[in-house]
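Please read this briefing alongside the structure shown below. The points are grouped by topic.

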Amino acid sequence: MNMLVEQVRADLLAFSRRPETLFFTVFLPVIFLVLFEAIFGGQSVTLAGGDVVAQSYLQVPAFMVMGVISASFVALSITVVNRRETGIFKRVRGTPAPAWLLIAGQVVTSLVIALLMVIVMLALGSFAYGVRVDIGHLPWLVAGVLVGAIAFSCLGMMLAALTPSTEAAPPLANVVVLPLYFISGVFVPIESLPTWLGNIAALLPVAPFVKIVTWAYVPATTTPWRPLGLLIAWGAIGLIIASWRFRWTPRRS
Amino acid sequence: MPAIISVRGLVKRYGDHAVVDGLDLEVQQGEVFAFLGKNGAGKTTTTEILEGYRTRDGGDVSVLGEDPANAGAAWRAKLGIVLQESRPLGALTVNETLRLFAAYFPNPHTVDEVIQLVGLEEQANQRAGRLSGGQARRLDVGIALIGRPELVFLDEPTTGFDPEARRQFWDVISGLRDLGTTVFLTTHYMDEAQVLADRVAVLRDGKIAALGTPAKLQALRGDVEIRFSLPPGVELAALPALSTQPRLTGGEVRVETTAPTADLAVLCSWAEARGLELPALTVERPTLEDVFLAISGETA
């Protein structure tokens, strides 16, 4: 246990000292929310069910999801590739430290950062934009964020396992998430997408995650069991491919 | 006393090519053992098999009484490993790095002890990414020492060092010997082996080509070279008969001989009888470097 505490402590320290990851993971989703609020904050959206809500009710959860994905998927995959390619993982595999410790260190670290992002977004939404979580749905928010962060950590490990080099890691992670943000209701309300595109997005991992977290803010009639199941399925796919292709040593050796 | 490392008939193939081809060696407790060879001779492959990183295709290997191929965490707790290529995590300080690695081991040194051992007192709170090459390598060794290892592997630890950094590094390794730690060192620097090692093995084409103390290896090439320039107006053919045939290269006469005293006496009395001086006369023993180059198959 002491080992895990030390590992997470060191991983968090290392994370907090890398300005580029700190910016892309922590600050960028906040900057996006502030900008989107400044531009679209006064508008209203008609939901599929016919209800009309202020756009802020969709934007706050959307960028909360972006923050969690940045921490668990983008930052995680970049860090894991970096540790593998610089020989740090190989080095630790030569000590008595168990293999799970390195994975757990990374995943717990990204969960801590994801949690931080959720708190920042909750506070920002509540105090700056007057958007509050429905108390009855708070458990859904907690469960949704936890399941989402773990699922995207698994997908992050999968991406790391498939990424060939340190240089390829940041562009690959962003090439995967940026289009997904557009079609999954993060940058653009899902209601304004063509139906066929919305249908495809609904099967990919980002849209279900957005749906669950949004549900905590805007309670609709149907409980989002289906998105939750999809998210868990995506996490499982990530985990299977990650454990199949994962390696500890640099690619070049 | 049982050997710390014992290898019999080790074979490792990549495709059809045997990188390690029937290698035998033993390392005794407390010795500094240097493993020499030019690049591609199989040094790192052998070392990584001993460390448990790579599998082998044949032979028996025992390191600290266990087969590295299926040894567990308790075995790794007795090892210290410095890989050929590895950088510590740049964002953590020396202190923080050692503290993390200490957490991996059951009975570690304190961080301060190790910092003192590798001489990084002044850099203790500096980030690893801002250390010089030599300092970063010393931190690497510190990481390898934190778990109180019985056996330390160092794979080409001083490649790319300036002379000052190398000497500081050698002091650290000498300190290890004083602690009674067994050290397995690969290097392609002969002087490093000469300064540090109790015994040296020279690897060639995946086999041990020579093995012994640095002094014993040096004695392997027993011949001594007598060199001088031809005196003006004298032909090579005019020289007296010596134990071997002299060679003429660029105006310089070279006599590689196993009987230097007799040959010198003949040469000197011949020159004296004719009132000649032998310009630039020198007698040289081959250096360990020359021996290494001859054994490892490189041309001097």
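The model is a predicted one.

**Nonpolar cores**
- The largest nonpolar core comprises 137 residues, and A:Val65, A:Val68, B:Ala34 and B:Leu185 have the most contacts inside it.
- Helix α3(A) gives the most to this core, namely 18 residues.
- Beyond neighbours within four places in sequence, B:Ala34 is in contact with B:Leu185, B:Thr187, B:Ala193, B:Leu196, B:Ala197 and B:Val200.
- Another core, of 6 residues, lies apart from the largest one; among its members are B:Ile226, B:Val253, B:Val255 and B:Leu267.

**Strand β6 of chain B**
- Strand β6(B), residues 151–155, is largely enclosed by the rest of the structure, because 5 of its 5 residues are buried.
- On one side these are B:Leu151, B:Phe153 and B:Asp155, and on the other B:Val152 and B:Leu154, so both faces are covered.
- Strand β5(B), residues 79–82, runs parallel to β6(B) and is joined to it by 4 bridges, with B:Gly80 opposite B:Val152.
- Strand β7(B), residues 182–187, also pairs with β6(B) in the parallel sense, over 5 bridges; B:Thr186 is the bridge partner of B:Asp155.
- Together with helix α6(B), residues 163–178, strands β6(B) and β7(B) make a right-handed β-α-β unit.

**Helix α7 of chain A**
- The 15 residues of α7(A), 169–183, should span 21 Å at 1.5 Å a residue, which agrees with the 22 Å between its end C-alpha atoms.
- Buried residues in α7(A) are A:Ala169, A:Leu172, A:Ala173, A:Val177, A:Tyr181 and A:Ile183.
- Their cover includes α3, α6, α8 and α9 of chain A.
- Just after α7(A), A:Gly185 has a positive phi of about 85 degrees.

Key. Residues numbered from 1 in each chain as written. Chains lettered and ligands numbered in written order. Predicted model: local features only at pLDDT ≥ 70, side-chain atom pairs only at ≥ 80, totals over all residues. Helix = DSSP H or I, 4+ residues; strand = E, 2+ residues; numbered from the N terminus. Expected span 1.5 Å × (residues − 1). Buried ≥ 20, exposed ≤ 12 C-beta atoms within 10 Å, placed from the backbone. Contact = placed C-beta atoms within 7 Å. Core = buried A, V, L, I, M, F, W, Y, C linked by C-beta atoms within 7 Å. Pairing = 2+ DSSP bridges. Right-handed = clockwise from strand over helix to strand, strands pointing away.
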